[in-house]
Amino acid sequence: MNRRRLGRGRVEVTALAFGTSGIGNLYTEVDEETAYDAVRAAWQRGIRTFDTAPHYGLGLAERRLGAALREHPRDRYTVSTKVGRRLEPDGSGGDDLANGFAVPATHRRVWDFSADGVRRTLEASLDRLGLDRVDVVYLHDPDDHAEQAFREGYPALERLRAEGVVGAIGAGMNQTAMLTRFIRDTDVDVVLCAGRHTLLDGSARTELLPAALEHGTSVVVGGAFNSGLLADPRPGSTYNYVPAPAALLERALRLKEAAERHGATLRAAALAHCAAHPAVASVLVGARSATEVHDCADQFTADVPDSLWRELRATGLLPPDENRP
């Protein structure tokens with residue numbers, strides 16, 4: 001699978017990356033064997049970039065990913081994790097479903113973008129992963145913590161990069177404005193933008209993607225399916241983790257019909273759209289089983305004809321200059 005460098009650094013990522021929130025028991029439980037098989041399937045399909053975070057299952061995703069990758073040489077793959085949510089032991093009991101994960105609530109998340117918090121969070125992640133280094137570290141969802149993230153968190157990442165503890169640094173969010181600020185005001189190598197560069201939400205194209213090209217910053221795109229609507233549009237589908245509004249469901253169905261008229265699938269078109277912009281280094285897709293991994297890889301490598309993009313532009317489903325062959 002093709003690789004691209006992040007920013008001006010030396011860290012490389014594959015064009016398709018594996019996201020681990022699913023094997024961290026997002027919404028429902030995934031057993032150990034299924035989680036292992038998902039990572040193994042990703043490896044079989046040539047995926048060598050794996051993204052995780054302490055937030056995913058209160059560390060479960062990091063532990064499972066590290067265990068699954070242990071059989072492979074460390075220089076063969078790229079791992080990214082995140083800082084900003086520090087895990088503290090919590091003996092109150094219960095589960096973590098209120099935060100979206102079907103795991104026991106053995107820990108609680110503490111927002112912490114301080115320099116000390118960044119280092120402590122990364123050290124704990126390395127321990128769970130069983131690694132002595134990770135390749136990429138993102139500030140994770142600093143939306144409501146901008147001052148501390150820019151004043152303390154980002155400089156801490158910069159020092160870790162200078163020390164060679166990590167290879168590349170960045171920020172990961174579901175919005176574009178602050179990511180654009182990171183691109184313009186700091187020396188991040190990469191930003192992870194979730195759900196804002198899709199067939200249904202083009203907000204990243206306004207400022208973020210042009211700024212990334214101007215500054216030589218790479219973009220990793222997540223949320224290609226907007227949490228489900230672009231994977232299987234039907235009544236009850238979710239858009240950005242809530243029930244899809246009727247107008248967006250109708251648009252997604254029109255996109256699906258157009259894709260099928262041109263011999264493609266909506267999933268393939270959604271992934272191809274994300275990957276097409278020159279600022280995008282990798283498309284990050286979450287999967288919770290080997291079957292889902294193989295489907296994502298099949299869709300990512302499927303041919304999407306230029307005639308589809310021409311029709312989508314002509315009918316107003318895409319802007320006039322989008323994905324021009």
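**Into the cavity and the core**

The lining of the largest cavity is made up of eight nonpolar, four polar and one charged residues (Ala, Val, Leu, Ile, Met, Phe, Trp, Tyr, Cys and Pro count as nonpolar, Asp, Glu, Lys and Arg as charged, and the others, Gly among them, as polar). Keep in mind that this is a predicted model, where local features need pLDDT of at least 70, side-chain atom pairs count only at pLDDT 80 or more, and totals for chains, interfaces and linings use all residues. Residues are numbered from 1 along each chain as its sequence is written, and side-chain values use heavy atoms, with hydrogens and water left out.

That cavity has a volume of about 80 Å³, and the structure holds three cavities of 30 Å³ or more. Here a cavity is a set of points on a 1 Å grid over the protein atoms alone where a 1.4 Å probe fits but cannot get out, and lining residues have an atom within 4 Å of a point; the volume is the space filled by probe spheres set on the points. Closest to the centre of the largest one sit Val-13, Thr-49, Ser-80, Tyr-138 and Val-220.

Now for the packing. The largest nonpolar core has 88 residues, and Phe-50 is among those that touch the most other members, along with Phe-18 and Leu-139. A core is a set of buried Ala, Val, Leu, Ile, Met, Phe, Trp, Tyr and Cys residues joined through side-chain atoms within 4.5 Å, buried being under 20% relative accessible area with a 1.4 Å probe, protein chains only. Beyond its neighbours within four places in sequence, Phe-50 is in contact (heavy atoms within 4.5 Å) with residues including Phe-18, Trp-43, Tyr-77 and Ser-80.

Note on methods
Buried < 20%, exposed > 50% of the residue type's maximum accessible area, 1.4 Å probe, protein only. 1 Å grid on protein atoms, 1.4 Å probe; cavity = no way out; pocket = protein on both sides within 12 Å on 5 of 7 lines; lining within 4 Å.
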